[in-house]
Amino acid sequence: MTTTVLISYSHDSGPHEQRVLALADQLVADGVDVRLDQYEQGDPPEGWAQWAEHQIAQCQFVVMVFTPTFHSRYELAQTQQTAAPDERATWETMLVRHLLYTSGGRNTKAIPVWFDGAVEQLVPLSLRAWTAYKLTERYEDLLRRLLDQPKVRRPPLGPRRTLPPAPRPSFEDLTRANANGTASVSTSPVISQPSTTSLADPPRAGPAVSVAEPSRLTLPTVAGRPLTLIVFTANGAPSRDRLRLGKEVRAIRTALRDRLALKVCTMASFLDVVRELDEHEPALVHFSGHTDPYSNHLVLESEHAGDEVFVSPQQLSELFAELDRPPTLVTFTTCSSLMLAEAAVRHAHYAIGFDGPYPDDWAPLFSATLYDRLTSQPRLDVPRALQMTKLAWQSEGQDVAGQSRLYRGPGSAQDDEPITPTTVGSTSP
């Protein structure tokens with residue numbers, strides 16, 4: 001879009017007219033369509049008064065070159081010290097003042113300027129509320145104003161960011177504080193997250209549900225501890241897409257065929273995660289649900305209906321650091337979970353996350369294949385199990401497994417630990 005500008009000035013002297021002409025020529029060279037009386041060939045047919053009125057009405061801007069003479073024309077204060085009356089300049093300034101009056105003092109058209117050697121006080125009081133430009137020092141600023149090309153532009157508006165809520169104490173924390181007679185409750189982000197029941201999930205029966213087992217069962221052990229997989233599922237607030245997490249859990253249970261101890265914690269809160277990891281220190285940990293796309297926090301449940309809690313990668317890393325024995329593998333079957341996996345592997349041997357979306361329909365196949373291949377061999381070989389899982393997905397014509405990323409942490413070089421069968425007693429559901 002072309003910018004049209006009228007240059008209004010007083011004919012003080014020949015040198016002054018030459019400076020105004022040089023200003024007009026430079027603006028034209030820089031892409032501004034300038035209207036200047038010196039560009040006209042003789043008098044316009046409609047006369048100078050109507051020509052000036054037409055230009056002021058049609059042009060986007062009027063650049064007003066202030067000198068003592070032009071200032072007096074603007075203020076309509078003719079004195080003996082000023083040059084002979086300049087009717088054209090008087091008429092143009094009167095029209096500009098009229099525009100300011102009728103617009104209620106809003107100015108979108110008049111731009112005051114002055115040349116080197118003049119003083120800023122030449123700009124009349126009625127125009128000092130807006131930016132004036134001293135030429136030639138601020139010519140570029142004037143040009144940016146005319147061409148609507150500011151030095152700093154606001155970046156495009158991004159998507160609305162969802163921030164995690166502030167941590168608050170759980171009911172268990174409050175009860176313990178009252179029992180101890182303390183007035184304050186710690187709000188440490190590691191253990192103070194509450195848990196909730198989502199209307200889309202079945203009624204909550206406790207922090208963890210174990211697979212029913214016979215009274216005596218031969219289960220594998222790794223490094224002298226039972227090979228246990230704990231699966232944490234959480235759908236978050238009802239406003240989120242409801243994932244079919246139960247289908248993924250059933251697929252994992254079917255694939256394992258009692259080859260390890262499986263515990264499932266549905267509608268998991270962060271307090272549930274802390275409790276189960278601290279009590280069982282499982283070799284395998286699995287998180288299924290949502291990752292917040294803006295903060296990269298893991299979304300878990302809250303006991304307040306309709307609420308959810310956010311667990312940062314740093315909180316997960318601090319939690320795994322407190323375990324006496326780090327997990328062999330931590331898996332996140334959630335969207336955009338690379339940062340969570342990177343945090344977990346600081347203290348786990350391996351971690352798996354996903355780069356980008358993770359389709360709900362394919363979660364059962366990935367998880368079932370991964371744990372089936374991981375427990376089918378006499379040793380825990382995580383890289384091999386993931387590679388076999390990717391091959392299985394390729395046979396289905398899906399590239400979702402290709403978005404999975406395996407991270408190696410401390411102790412992974414000593415992994416491929418042998419799985420040793422042992423006879424253990426049954427555990428209560």
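Guide: Gladly! A salt bridge here is a side-chain nitrogen of Lys or Arg within 4 Å of a carboxyl oxygen of Asp or Glu. Please keep in mind that this is a predicted model.

Visitor: How many salt bridges does the structure hold?
Guide: Side chains of opposite charge can pair when their charged atoms come close. Some of these bridges share partners, and in that way Arg138, Asp141 and Lys151 are joined into one network. The count for the structure is nine salt bridges.

Visitor: Arg275 and Asp272 meet in a salt bridge; what is the N to O distance?
Guide: Both residues sit in helix α8 (residues 270–280), three residues apart, which means about one helical turn separates them. Asp272 is buried at 3% relative accessibility, while Arg275 is partly exposed at 23%. Their N to O distance is 3.2 Å.

Visitor: How many residues apart in sequence are the parts tied together by Arg325 and Glu281?
Guide: The side chains of these two meet in a salt bridge of 3.6 Å, N to O. Arg325 lies in the loop between α9 (313–321) and β15 (329–333), and Glu281 in the loop between α8 and β11 (284–288), so the pair ties together parts that are apart by 44 residues.

Visitor: Which side chain of opposite charge is nearest to Glu248?
Guide: Glu248 is found in helix α7 (residues 245–256). Its contacts, leaving out residues up to four places away in sequence, are His286, Ser288, Thr333, Ala363, Pro364 and Ser367. Glu248 is buried yet has no salt bridge, and the nearest side chain of opposite charge, 10 Å away, is Arg244.

Visitor: Which residues are exposed on the face of α2 turned away from its buried side?
Guide: Helix α2 (residues 48–58) has Trp48, Trp51, Ala52, Gln55 and Ile56 as its buried residues. Seen down the axis of α2, they fall within an arc of 125 degrees, so they line one face of the helix. The cover over them includes β1 (3–8), β2 (32–35), β3 (61–65) and α4 (87–102). On the face turned away, the exposed residues are Ala57 and Gln58.

Visitor: What is the volume of the largest pocket?
Guide: The lining of the largest pocket is made of 19 residues, with Asp241, Leu243, Gly289, His290 and Cys335 nearest its centre. Helix α7 and strand β12 (290–291) each supply at least two residues of that lining. The volume of the largest pocket is about 280 Å³.

Methods: Residues are numbered from 1 along each chain as its sequence is written. This is a predicted model: local features need pLDDT of at least 70, side-chain atom pairs count only at pLDDT 80 or more; totals for chains, interfaces and linings use all residues. Side-chain values use heavy atoms; hydrogens and water are left out. Helices (H or I, at least four residues) and strands (E, at least two) are DSSP runs, numbered from the N terminus. Buried means under 20% relative accessible area, exposed over 50%, partly exposed in between (1.4 Å probe, protein chains only). Lys and Arg count as positive and Asp and Glu as negative; His and the chain ends are not counted. Contact means heavy atoms within 4.5 Å. The arc is that of the directions from the helix axis to the C-beta atoms. On a 1 Å grid over the protein atoms alone, a cavity is a set of points where a 1.4 Å probe fits but cannot get out, and a pocket is an open set with protein on both sides within 12 Å along at least five of seven lines; lining residues have an atom within 4 Å of a point. Grid points are joined across faces, edges and corners, and a volume is the space filled by probe spheres set on the points.
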